[in-house]
Amino acid sequence: MRIDIITVLPELLESPFNHSIMKRAQTKGLLNVHLHNPRDYTPYKQGQVDDYQFGGGAGMVMMAEPLAILIEKLQGERKYDEVIFMTPDGSLFDQKAANTLSMRENIIIICGHYKGIDERIRQHFVTMEISIGDYVLSGGELAAAVVVDAVGRLIPGVLNDETSALFDSFQDGLLAPPVYTRPADFRGWPVPEILLCGDPKKIDNWRHEESLKRTAERRPGLLKED
Ligand code: ADE
């Protein structure tokens, strides 16, 4: 999978993909993340990429032209499945959306800044708008990092143990069960005995019950969704 990220702050995104699972995904050639700065494509003087908004009001708006030039350059090189804009008024990102995106081949992600991007880019280039939660970040970069991480780890072959993503919270619509490691007794707080019984079926059943219990307590809404 190839992900092209359009950002005026590429430095912000250099670290998140250069460690741990995201780094391994790229080393294995399963994920390719490319960063592009619209400043390098702007036809305006001194790398200008933003301007005052028509009608007045505080805050600058990212101009259409540098974004359009960059998007069209990328689209001229390969076909993209989605052009995503990260924005707090997009549709809420969840595990289902991550699963769907992990099956795409090439996507572009645009990170907004300042007051946002010129609406005409949203109308004529963007195919999907994503919010990672009901709060406002200073820019779309951290939100893009969240999406790339959640999607990247679902690409087949990225996780060492393929089954481990299957047991993630949300993957089957439930929260994950509690987990324990050694020692079996820590400060007089023992591990649930069933985990030491050696019977995989009993353990699976217990985990499922714990998942249901945890979901009912913390996120009852998930049990009602189909
Ligand atoms: N940009 C600013 N806030 C955001 C959010 N909550 N989700 C996605 N992109 C954003």
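1. A residue is counted as near a molecule or strand if one of its heavy atoms lies within 4 Å of it. Around the ligand there are 13 residues, the closest being Thr 87, Ile 132, Gly 133, Tyr 135 and Leu 137. The model is a predicted one, in which local features need pLDDT of at least 70 and side-chain atom pairs count only at pLDDT 80 or more, while totals for chains, interfaces and linings use all residues. Residues are numbered from 1 along each chain as its sequence is written, and side-chain values use heavy atoms, with hydrogens and water left out.

2. Which strands each supply at least two residues of the shell around the ligand? They are β5 (82-92) and β7 (128-131), where strands (E, at least two residues) and helices (H or I, at least four) are DSSP runs numbered from the N terminus. The most comes from β5, which gives 3 residues to this shell. Sorted by class, the shell holds 8 nonpolar and 5 polar residues but no charged ones; here Ala, Val, Leu, Ile, Met, Phe, Trp, Tyr, Cys and Pro count as nonpolar, Asp, Glu, Lys and Arg as charged, and the others, Gly among them, as polar.

3. A polar backbone atom of Gly 133 is 3.1 Å from a nitrogen atom of the ligand, a backbone N or O atom of Tyr 135 lies 2.8 Å from a ligand nitrogen, and for Leu 137 the corresponding distance is 3.0 Å. Of the 260 Å² of accessible area that the ligand has on its own, the protein covers 97% (areas by the Shrake-Rupley method with a 1.4 Å probe; for residues, only the protein chains shown count as cover).

4. Leaving aside residues up to four places away in sequence, Asn 37 touches Thr 7, Val 8, Pro 10 and Leu 70, with contact meaning heavy atoms within 4.5 Å.

5. Some backbone geometry deserves a second look, because most residues other than glycine have a negative phi, and most peptide bonds are trans. The bond from Arg 182 to Pro 183 is cis, with omega near 5°, and Pro 183 lies in the loop between α5 (141-152) and β8 (185-186). Gln 46, although not a glycine, has a positive phi of about 55°; Gln 46 lies in the loop between β2 and β3 and, at 85% relative accessibility, counts as exposed. Arg 187 is likewise not a glycine and has a positive phi of about 55°; this residue is in the loop between β8 and β9 (189-190) and counts as exposed at 67% relative accessibility.

6. Rings of Phe, Tyr and Trp (its six-membered ring) pair if their centres lie within 6.5 Å, and planes under 30 degrees apart count as stacked, over 60 as edge-to-face and the rest as tilted. This rule gives 1 aromatic pair. The ring centres of Phe 186 and Trp 189 are 5.5 Å apart with their planes at 65°, so the pair is edge-to-face. Phe 186 counts as partly exposed at 42% relative accessibility, whereas Trp 189, at 56%, counts as exposed.

Key. Buried means under 20% relative accessible area, exposed over 50%, partly exposed in between (1.4 Å probe, protein chains only). A polar contact is a pair of N or O atoms within 3.5 Å; within protein, one must be able to donate a hydrogen and the other to accept it, and residues adjacent in sequence count only if both atoms are side-chain atoms.
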